[in-house]
Amino acid sequence: MMQSTLLRRIAPTLTRRALSSNAAEASSVMTLNFNLPHETIYNGATVSQVIVPGAAGEYGVTADHVPVVAQLKAGVLQIMHESAGEPEKYFVPGGFSITHDNSVTDISCPEAVKVDDIDPAAVSSNFEAARNAYTAAEAGSAAQAEAMVDMEVYRSMGSAVGINLS
Amino acid sequence: MALRVAPAAKRIAARGLSNFMQSRGMATEKQIFNQIQSTKNIQKITSSMKMVSAAKLKGDEQRLATAIPFNSWTTALCGEPTLVEDATFEELPQKTLIVPVTTDKGLCGGVNSFITRGVKDCVSKLNAQGKECDIVVIGDKGRGQLRRFHGDIIKRSCTEVISPGTFSLAAALTTELMAAGAKDYDAIMVIYNSYVNAAVYKQRYKLIKPFSGEGEDEPMMMHEFEPDTKSEVLGDLYEYMLTSQVYHSFMDGAAAEQSSRMAAMENASKNAGEMIDKLTLQYNRARQARITTELIEIISGASALED
């Protein structure tokens, strides 16, 4: 299913590029708007690629990408700038990413932290606390669902900094 | 001779004094003095409130400046906010949920009155067009003002909203709206004050419609959806969009509230200052009249002794 989705996405892009031979060189950069409620991280910045943690899997967005509306899951958002080099990594707990057909991508998340700023010790201890809350909560209650969400977010935060929590 | 003149002078002075008292309607010098003192205290309070508002306005302006790019993606889906002034509300659908954003605290100038006036105008125009609407009020002042005439259509009210607002607050408000049956309405109209600059704010409204439509009308046809369950993603996107819009309106309203409070307190301090000047003149006149009376008493007493 993932393969067919991948092919479905790449095919139009490849076709479009193949067709636009005489037309002006397809822009190789995309515009990124990445905003949090309390901080504007990128507003109209030109970058070369963004890897988005979609709910169905990670996918990369480059210039002339097919328009997509993606719900994000807790994971790492990677931004590759035009000046090649290490991609910038942000951990996001969720949000939405909308790619338009003019190579503009809007990513809106309630919160995001740079992966470098994450403290592994805090992640482990918070994960433990969430797991305790999960086992202590009544089965099927809202508290248990919240604890489960917490556990998932911390688990993926842990894998982002290289620790394996389960 | 002096004896005959002195009492006459005293009587004239006394009559003049009592005329003076009656025409002023003010009693003694002591009372005027007390009034001057209390007005000075009020002036101190209002001018300090103004300075506090000016400081808070800086913070609110910055929060608004971040909220605008955060919310910019919703404009493509919902359209630009419209000015309430001279609005006909004809583009509103059959059933609308009106969400006015007002303040909890007072002494903020006209921010709440403008919003409630806009809401009343909208309700009457909608009723004239044969459309229905309900209200979910945010803010105590709005609730108080709207309860009198439109109490029957107020579905919920959210008060004691802690400011400054955060995204979590907007999310909580959206949950309340969803619980009030937001999905049953054809559109949600958020009406709020939009901060233009420190002296000017305007009322605007945003229409947020749920994604719906089949076949040709299908929303966002060009886009792929990830995960594939389009209706689920659209549902979540609608809630997220609503939260983002409410957050932006909140930030805008907060900045407008602070600027309005600053202006109102500035006017109050100025008016208090003018009143103090006027009262001081009255006080001086009363004091001088008293001194004159005492002098006359002394002189007439002395002249009585002479004889």
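In which sense, parallel or antiparallel, do β5(A) and strand β7 of chain B pair? In this predicted model, β5(A) and strand β7 (residues 224–226) of chain B pair in the parallel sense, and the pairing runs over three bridges. The points below place that pairing within the contact of the two chains, to which chain A brings 29 residues and chain B brings 20 residues.

**Extent of the interface**
- The size of an interface is often given as the accessible area lost when the parts come together.
- Between chain A and chain B the buried area is about 2200 Å², and carbon and sulfur atoms give 61% of that area.
- A:Pro37, A:Val69 and A:Phe96 supply 27% of the area that chain A buries against chain B, which is more than any other three residues supply.

**Polar and charged links**
- Six residue pairs, with both residues at pLDDT 80 or more, are in polar contact between chain A and chain B.

**The side of chain A that touches chain B**
- Several elements of chain A each supply at least two residues to this side, among them α1 (2–19), β1 (30–36), β2 (39–47) and β8 (95–99).
- The element that gives the most is β5(A), with four residues.
- By residue class, this side of chain A divides into 15 nonpolar, nine polar and five charged residues.

**The strand pairing**
- Within the pairing of β5(A) with β7(B), A:Ala70 has B:Glu226 in β7(B) as its bridge partner.

How values were computed:
Residues are numbered from 1 along each chain as its sequence is written. Chains are lettered from A and ligands numbered from 1 in the order in which they are written. This is a predicted model: local features need pLDDT of at least 70, side-chain atom pairs count only at pLDDT 80 or more; totals for chains, interfaces and linings use all residues. Side-chain values use heavy atoms; hydrogens and water are left out. Contact means heavy atoms within 4.5 Å. Buried area is the accessible area (1.4 Å probe) that two parts lose on being put together, summed over both. A polar contact is a pair of N or O atoms within 3.5 Å; within protein, one must be able to donate a hydrogen and the other to accept it, and residues adjacent in sequence count only if both atoms are side-chain atoms. Ala, Val, Leu, Ile, Met, Phe, Trp, Tyr, Cys and Pro count as nonpolar, Asp, Glu, Lys and Arg as charged, and the others, Gly among them, as polar. Two strands pair if DSSP finds at least two bridges between them.
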